[in-house]
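Subject: Structure handover

Hello,

Here is the structure for your set-up work. Notes on what turned up in it follow below.

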Amino acid sequence: MGLHVQDRSVQPGIGNVLEVENLRIYYYTDIGVVRAVDGVSFSIGRGEILGVVGESGSGKSTLGLAIGRLLPNNARIVDGRIVFDGRDITRISEDELRKIRGKELAYIFQDPHRSLNPVMVVGDQAGEVLYYQFNVRSKHTILARVIEAFRKVRISDADKRYHSYPHELSGGMKQRVVIATALIGRPKLIVADEPTSALDVTIQRQLINLLMDIREEYGTSIMLISHDLGVVSELSDSVSVMYAGKIVELGRADAVTEDPLHPYTQALVRSVPRIDEAVESLYSIPGSPPNLANPPAGCRFHPRCPYAREICSREEPPFRKIGDRYVACHLAG
């Protein structure tokens, strides 16, 4: 599970598909070195859904891109390991990595419009995974496998949709095509970065149910990245809360959302609208996330924390086990 986190070396085990140890990713920019991910450790068990939640700029998308070494040119992994199914992604060659992407490790991104080539029919795009990653050369076999994948993700008239161009499909249908493309190789891990945020609520619900079904049928592990704690808590087994490049709380989804221990997690929970409560205005966290080119000393959340004490501005809190989860807070427990 995602609870296998310590301030010590993470040993690859048969129970985990992904293990990240002390990962640090810096962006080298005109304003200085931005510490986007700064000492993050976690694991994802086989068949587990781990939700990664936080505000914009928390480092969660950078973390997701790093799993497949898809970082932009100005980003560097300066420390740590990313062990995917026993192989350290930070050390293998680009040729080895290309054999993994799309086959064992797949991505679902936020905007399906940008994920699809506008001048290719969607079926041929999905079929490229079979052609390039699995060396399937039979057009008939590719057609059959793609149509099967489209039906799995509940694309109606799958045989006809195979020949559709992206502009002929709705946003929700395009995202189903992207999910089918990710699934076609039956990957061990899917990194889903805000997969429902560009869609309306009804379609979001359908895709959430679809991701749950995928996990149940294929045993696929999923790293779900989102700013929406409501979506993450509903879909995930475990939740990792990120703030300013660090994990501040990690535990079972129900524990983290029902009894949050870190003040930032508490604020995120308060920010989620509830249909059973009448409120005049939604709660918003005061202040702004810090500049990661010059982060505050001590706990990075202390300038916005209502409970902050002197130690919080002076010493970085250790990431320690408290009860049923891990928390980085001087005051927790």
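Val 201 counts as exposed, because its relative accessibility is 66% and the cut-off for that class is over 50%. The residue is found in helix 8. Its C-alpha atom is separated by 23 Å from that of Ser 238, which is 37 residues away along the chain. Please keep in mind throughout that this is a predicted model.

The largest pocket holds about 560 Å³ of space. Its lining consists of 19 residues, and those closest to the centre are Gly 102, Tyr 107, Ser 115, Val 129 and Thr 181. Helix 4 contributes the most, with six residues. Sorted by class, the lining of the largest pocket has 11 nonpolar, five polar and three charged residues.

The second largest pocket has a volume of about 460 Å³. There are 20 residues around the second largest pocket, and Asp 228, Leu 229, Gly 230, Val 272 and Pro 273 lie nearest its centre. Helix 8 (201-218), helix 9 (229-235) and helix 11 (263-271) each supply at least two of the lining residues.

Cavity

How many cavities of 30 Å³ or more does the structure hold? There is one. The space in the largest cavity comes to about 80 Å³. Its lining is made up of His 262, Pro 263, Cys 299, Phe 301, His 302, Cys 305, Ala 308, Cys 312, Ala 328, Cys 329, His 330 and Leu 331. By class, that lining has nine nonpolar and three polar residues, with no charged ones.

Surface patch

Tyr 28, Val 33 and Val 78 make a nonpolar surface patch of about 230 Å². Of these, Tyr 28 is found in strand 1 (residues 16-29). Tyr 28 counts as partly exposed because its relative accessibility is 42%, and that class runs between 20% and 50%.

Backbone angles

Asp 157 has phi near 50 degrees, which is positive although the residue is not glycine. Asp 157 is found in the loop between helix 5 (139-152) and helix 6 (158-161). With a relative accessible area of 47%, Asp 157 is partly exposed.

Glu 194 also has a positive phi, near 50 degrees, and is likewise a residue other than glycine. Its place is the loop between strand 7 (189-193) and helix 8. Is Glu 194 buried or exposed? Glu 194 is buried, because its relative accessible area is 10% and buried means under 20%.

Regards

Note on methods: Residues numbered from 1 in each chain as written. Predicted model: local features only at pLDDT ≥ 70, side-chain atom pairs only at ≥ 80, totals over all residues. Heavy atoms only, no water. 1 Å grid on protein atoms, 1.4 Å probe; cavity = no way out; pocket = protein on both sides within 12 Å on 5 of 7 lines; lining within 4 Å. Points joined across faces, edges and corners; volume = space filled by probe spheres on them. Helix = DSSP H or I, 4+ residues; strand = E, 2+ residues; numbered from the N terminus. Nonpolar A, V, L, I, M, F, W, Y, C, P; charged D, E, K, R; others polar. Buried < 20%, exposed > 50% of the residue type's maximum accessible area, 1.4 Å probe, protein only. Patch = residues over 30% accessible without salt bridge, like charges linked within 9 Å, V, L, I, M, F, W, Y side chains within 5 Å. Areas by Shrake-Rupley, 256 points an atom, 1.4 Å probe, with all protein chains shown as cover. Salt bridge = Lys/Arg side-chain N within 4 Å of Asp/Glu carboxyl O.
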